[in-house]
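This report describes one protein chain for a reader who is new to structural analysis. Please keep the sequence and the model in view while reading.

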Amino acid sequence: LFDGVFPFYPQQRKAAGFDISTIIVIVVFLSLACSFLLITPGIRGRARVYWTLRVLLSLFVGAVIVVVQFTGDWETGWVQANTSYKSFSAVQVNADIGLHIGLAGVNVTLRGNPVKQINETINYNEHFPWSFGADYERSYSEGLQKGLPSPILYVAEKFRTQSPCAVHRQYRIAGHYASVMLWVAFCTWIISNILFSMPVLVYGGYMLLVTGAFMIFSLVSFSTVRNSPLCLIQIGSRTLHVAYGASFWLMLAAGLLCFVVGITIVAMHCLNLDLLKTFFDLREDKAEEYQEMPEVLINPHTVNKG
């Protein structure tokens, strides 16, 4: 069209690296970790090691709970295929097509092999939200108006409300409840840290078990999408398959960690309370607790005056 110029592609689209919300959360928790590491030299003896281990593990769990809310790799899939690039054109390109499903929406990635083909830079990453308050159909319509490449629109169409696949509602509800359970887990994580700073360690262990339970419940909620099998995504002669991604397995690891630590704290409370208090730096020094004054000094001038 127009002497080789395609009017529906006025600008180059670049793939996004990290979501800005994810970067903010990571920076906040890294700042907290670095701030604590700066004061560790002021902690004496073995308590320094115990404090460092406790704080870093706690910050890791809290960071995971918040970060996975904004990541888009709960389910991922990649396929390399020869596919048409634009509508009403027989030109084909070799590209990697990626599908990244998160709690709040889906990202479709298109990256050429090589990136420079047919005098264009093929490097796209488009987000289509389905969280409550977002309009997936509007995002899809805007993609049509932009003139996005055909593979991106084809994959995004599978998740439309009007698609015969009928997976939009399932993913939207599952992601919503998984997100709610993660926020509850974040609240219980804060409560557990408060309890650990008080001489009620066993209740902190119980609350950590509750945190792990809500984290596992979020995984179970998201896993319900497997009850509605995804339609076949055929790109060229290849098929795109999705599997659980890094965020799903990271959340599973953090949830199991909470269970292990919580059970260990409860068991130590029953079997060896002194060791538990030593680890949390709450053990009182018995020598000082039962120390008696060896002598009493009396001012003779005051006694004589009396």
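## Basis of the report

The model is predicted, and local features need pLDDT of at least 70, side-chain atom pairs count only at pLDDT 80 or more, while totals for chains, interfaces and linings use all residues. Residues are numbered from 1 along each chain as its sequence is written, and side-chain values use heavy atoms, with hydrogens and water left out.

## Overall make-up

The chain contains 10 helices and 7 strands. These elements are DSSP runs numbered from the N terminus: helices are H or I runs of at least four residues, and strands are E runs of at least two.

Of the 306 residues, 40% count as buried. Buried means under 20% relative accessible area, exposed means over 50%, and partly exposed lies in between (1.4 Å probe, protein chains only). Among contacts between residues at least 6 apart in sequence, 67% join residues at least 24 apart; a contact means heavy atoms within 4.5 Å.

## The sheet

Five strands form an open sheet in the order β4-β3-β2-β1-β7, with antiparallel pairing. Strands β4 and β7 (243-244) stand at the edges with a single partner strand each, so one side of each has no neighbour in the sheet. Two strands pair if DSSP finds at least two bridges between them.

The antiparallel pair β3 and β4 is joined over 9 bridges. In β4, E120 is the bridge partner of Q117. Helix α3 lies across β3 and β4 and runs at about 160 degrees to β4. Such angles run from 0 to 180 degrees between N-to-C directions, with axes fitted as lines to C-alpha atoms, for helices over the stretch in contact.

## An enclosed helix

Why is α4 described as largely enclosed by the rest of the structure? The reason is that 6 of its 8 residues are buried. The buried residues of α4 are S150, P151, I152, L153, V155 and A156. They pack against β1 (75-84), β2 (92-101), β3 (105-117), β4 (120-129), α3 (136-146) and β5.

## The disulfide and other cysteines

A search of the whole structure finds 1 disulfide, defined as a pair of cysteine sulfur atoms within 2.5 Å. It joins C165 to C231, with an S to S distance of 2.1 Å. The pair links distant parts of the chain, 66 residues apart: C165 is in the loop between α4 (150-157) and α5 (168-196), and C231 is in the loop between α6 (201-223) and β5 (233-235). The torsion about the S-S bond is about -135 degrees, so the disulfide is left-handed.

C165 is buried at 11% relative accessible area, whereas C231 is partly exposed at 27%. As for two other cysteines, C258 is buried at 2%, and C34 is partly exposed at 45%.

## A buried serine

S58 is found in helix α2 (residues 47-67). With a relative accessibility of 15%, S58 counts as buried. Leaving aside neighbours within four places in sequence, S58 is in contact with W189 and N193. The side chains of S58 and N193 are joined by a polar contact of 2.6 Å. A polar contact is a pair of N or O atoms within 3.5 Å; within protein, one must be able to donate a hydrogen and the other to accept it, and residues adjacent in sequence count only if both atoms are side-chain atoms.

## Annotated regions

An unreviewed UniProt entry lists residues 20-39, 51-70, 177-196, 203-222 and 242-267 under "transmembrane region". UniProt positions are given in the numbering used here, feature names are shortened, and annotations may be inferred rather than shown by experiment.

In the model, residues 203-222 are 100% helix and 0% strand, with end C-alpha atoms 29 Å apart. Residues 242-267 are 85% helix and 8% strand, and their end C-alpha atoms lie 40 Å apart.
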